[in-house]
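Here's a quick walk through one protein model. Have the sequence and the 3D view open as you read.

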Amino acid sequence: MATVNAIAAPSAIEPLVRTTIERRAVGPRDVLIEIRYAGICHSDIHTVRGEWGRVPYPLTVGHEIVGQVTEVGAEVTRHSVGDRVGVGCMVNSCRVCDNCKAGQEQYCLNGNVGTYGGSDRDGTITQGGYSTHIVVDEDFVLRVPEAIPYETAAPLLCAGITTYSPLAHWKAGPGRNVAVVGMGGLGHMAVKIAAAMGAEVTVLSQTLSKKDDGLAFGAKHYYATSDPATFKTLSNSFDLIINTVSAPIDMASYLRLLRLDGTLVAVGAPPEPLPVQVFALFGARRSFAGSSIGGIAETQEMLDFCAEHGISAQVEVINAADVNEAYDRVLKSDVRYRFVIDINTLH
Ligand code: NAP
Ligand code: ZN
Ligand code: ZN
């Protein structure tokens, strides 16, 4: 066991504080990672504020983790000391259920082990990436390509894979019209990845204030959802809509933007239900779907895809002391486009 520096939420209503947490001893199949950067995902905020249910406080969150391997267990074959690696939203799964065997560990039928707030194999509660070190089973550790700097790679481990997976599954590519709703952490990665896949990308943001950035990320079109004319102009336009919004929005208005057989995929995870009017689905044999992160092999594929296409996140690097302020800014949609904690400032 090792005691390491971390940032933790003491409760749903208090600011995050500096503290220490315990990491398990490096087992035969474990990798010890010295964390360099950790991204701030909106899921961290939903979680620590108790919006998604009970939380085992105090909790250290963070599931966009990159750093360097500093120790490996005796049986580790996939990683070596000095490797640049990443860890995303899961640190284990059952490995024997149909979904795990199909490489879809995120849908493990026995429940994957979340990087934070999960029940670890030694019975303790998993603690996330806002910390200086983490010990993870080698099978849940990804290789970060040399071409991607650590700080802009970190958000790929959640925002990148969460958007890559549905874009790949629903075949974003040449000849396909893809809309991205909300251009925050997930949204800006969805724009970059869908454009790199060859799709024609439209951003649907609350205002036009980030239009220049959206076009620079690869979007062809950019509309404000605060303008009712947007919903008339774009009716029956898209093959695929990726909804990244962290709050409830009127599903029927967005479903009507799908053309025949189009699919709207929810990746944004507001705690409230999103009511669906079936008539909005009937109108063009539309589908309403959901998608959760991505499997381990697919996450590696996404990292390699981003390296090959020269894309990664646009980030604002912050010090450990500025996490609470960053949370407030995320909640105001004032993030360009992912906050990443420089973990050096936690040593
Ligand atoms: P984020 O950076 O805060 O981005 C969310 C964006 O949604 C904002 O930038 C804003 O975009 C838009 N938005 C926010 N409030 C809105 C409102 N009231 N009405 C309309 N639009 C609004 O958050 P994120 O880190 O990208 O995460 C987005 C959501 O995905 C969160 O709910 C998170 O928990 C969830 N998530 C899900 C998965 C999964 O596996 N499914 C994985 C990671 C995250 P504009 O300023 O452009 O309007
Ligand atoms: Zn996340
Ligand atoms: Zn499983």
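Below are some notes on the ligand site and on one helix pair.

## Ground rules

This is a predicted model, so to speak of local features takes pLDDT of at least 70, and side-chain atom pairs count only at pLDDT 80 or more, while totals for chains, interfaces and linings use all residues. Residues are numbered from 1 along each chain as its sequence is written, chains are lettered from A and ligands numbered from 1 in the order in which they are written, and side-chain values use heavy atoms, leaving out hydrogens and water.

## Around ligand 1

Ligand 1 is surrounded by 30 residues (a heavy atom within 4 Å counts), and the closest are His42, Met183, Ser205, Lys210 and Arg338. By class, that shell splits into 13 nonpolar, 15 polar and two charged residues (Ala, Val, Leu, Ile, Met, Phe, Trp, Tyr, Cys and Pro are nonpolar; Asp, Glu, Lys and Arg charged; the others, Gly among them, polar).

On its own, ligand 1 exposes 930 Å², and the protein buries 88% of that (Shrake-Rupley, 1.4 Å probe).

## Helix 4 meets helix 10

Helix 4 (159–169) and helix 10 (296–309) pack at about 95 degrees, their axes 10 Å apart (helices are DSSP H or I runs of at least four residues, numbered from the N terminus; axes are lines fitted to C-alpha atoms over the stretch in contact, with angles from 0 to 180 degrees between N-to-C directions). That's why helix 4 counts as roughly perpendicular to helix 10 (65 to 115 degrees).

The contact's residues divide into five nonpolar, three polar and two charged.

Notes: Helices (H or I, at least four residues) and strands (E, at least two) are DSSP runs, numbered from the N terminus. Angles under 35 degrees count as roughly parallel, over 145 as roughly antiparallel, 65 to 115 as roughly perpendicular and the rest as oblique.
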